[in-house]
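Please take a moment to look through the structure shown here, and then follow the paragraphs below, which move from a sheet to the aromatic rings.

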Amino acid sequence: MSPGRRLALLASAVLVVGPQPSAAQGRSLTTHDRLIFGSEEDLTAGVAFADVDGDGDLDVVWANGRHWPQLNEVYLNNGFGRFTLGYAVGPEKATTYAVPAGDLDGDGDVDLVAGNDMAENHVYLNDGSGRFSLAWSVGPEVEPTRSARLHDLDGDGDLDVLFTNRGAANGFHLNDGTGRFGPKRPFGDPDGSTIAVGIGDLDGDGHADLVLANRDGQANQILLNDGALGFSDVRTFGTGSDETRAAEVADLDGDGILDIVVANIGEPNAVYLGRGDGTVDEGVTFGGDDGSFALATTDLDGDGDLDVVVANVGGPNALYINDGSGRGWTEHRLDDGSESTYGVAAADLTGDGFPDVGFAHSGAVNRVFLNVPGG
């Protein structure tokens, strides 16, 4: 299929995602040729939305490269969900899988961490205007990193970083408050194949627990935090041999207890409802047997519960609208499935109160879908 024909197909992918309780009209996700980013040579694996230039709207950062060095990129939002200025995060090409964004040094602007495959992971500090400079690496390790997440694990008010590695020990690094990170503290199996980590308090003790999305025949795991950042209490969930590439922790049934949703390769995705004690139920599946590589949870239709956006390789990207129970899901497919989508993010880019969606495509232009009124 030619790039022009593919663009025409995607531009017509308008989707009704359900009515709002307060409005007669529904919502649609739609895209067009001004909502594309990068080039077909970009091997994009991740996307993050953040206000990097401090003007009050959300910009977009794309993580490029995967196993081959490429430039990571920033595109600035003009306030209307259009991105009319873009530039490289830095001059360095890297094998980047993820670029989580947050204020690392406490100066009020948004910084970045680049999680790289078989290369040092790097901190990029913001000068306050959305321009970044490489500051330092996170630890001396060179590892097969597949994801990076920022979270205040130790409750001291600054963001720490967690890296997951396929075929090596995962690790988290504590921030000293200046954006410098301490030594690696391993979590999970020493030779695990963890692709992603979800974070949330699954047992209600006030401490952040970890959920590991594992591949290569290894069971998915819940690691309970002992309150001192020890994660030796391990619970497994799923079939024990799922090929899982993404996991998120969120309250999907509205009972105040956190649940787990996972994206699987070669089998349906699944939701596991939490019991509040650090364990989950047997789960309910949704979707087909596409290769699902990433997911995001967000309230797409404004009905008060969380829906799921799934990024697929080998099939169309899809939305799953929650009936409120966390067990009933209505599927809406977004495109023709010709792209290999490695990453997804959801956030309000236009300021209308509804989340929009960005998809990171490997070997194709990246794309944003806006959540707009009407069918």
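**A sheet and its aromatic rings**

Four strands in the order S4-S5-S6-S7 make up an open sheet with antiparallel pairing, where strands are DSSP runs (E, at least two residues) numbered from the N terminus, and where two strands pair if DSSP finds at least two bridges between them. The model is a predicted one, in which local features need pLDDT of at least 70 and side-chain atom pairs count only at pLDDT 80 or more, while totals for chains, interfaces and linings use all residues. Residues are numbered from 1 along each chain as its sequence is written, and side-chain values use heavy atoms, with hydrogens and water left out.

At the edges of this sheet lie strand S4 (44-50) and strand S7 (83-94), each of which pairs on one side only. On average, neighbouring strands of the sheet are turned by 20° against each other, direction ignored, with axes taken as lines fitted to C-alpha atoms and angles running from 0 to 180 degrees between N-to-C directions. Strands of a sheet pair through backbone hydrogen bonds, either parallel or antiparallel. Strand S6 (residues 70-77) pairs with S7 in the antiparallel sense over 7 bridges, and Val-74 has Tyr-87 in S7 as its bridge partner.

Tyr-87 also has a charged neighbour, since Arg-131 lies over its face at 3.7 Å from the ring centre; a charge sits over a ring if NZ of Lys or CZ of Arg is within 6 Å of the ring centre and within 35 degrees of the ring normal. Arg-180 lies over the face of Trp-136, at 3.7 Å from the ring centre.

How many aromatic pairs does the structure hold? There are 10 aromatic pairs, counted where rings of Phe, Tyr and Trp (its six-membered ring) have centres within 6.5 Å, with planes under 30 degrees apart called stacked, over 60 edge-to-face and the rest tilted. One of them is the tilted pair of Phe-37 and Trp-62, at 5.3 Å centre to centre and 45° between the planes. Because Phe-37 lies in strand S3 (residues 36-37) and Trp-62 in strand S5 (residues 59-64), this pair ties together parts that are 25 residues apart in sequence. Phe-37 is buried at a relative accessible area of 1%, and Trp-62 is buried at 0%, where buried means under 20% relative accessible area, exposed over 50% and partly exposed in between (1.4 Å probe, protein chains only). Phe-37 and Trp-62 form one aromatic cluster with Tyr-75 and Phe-83.
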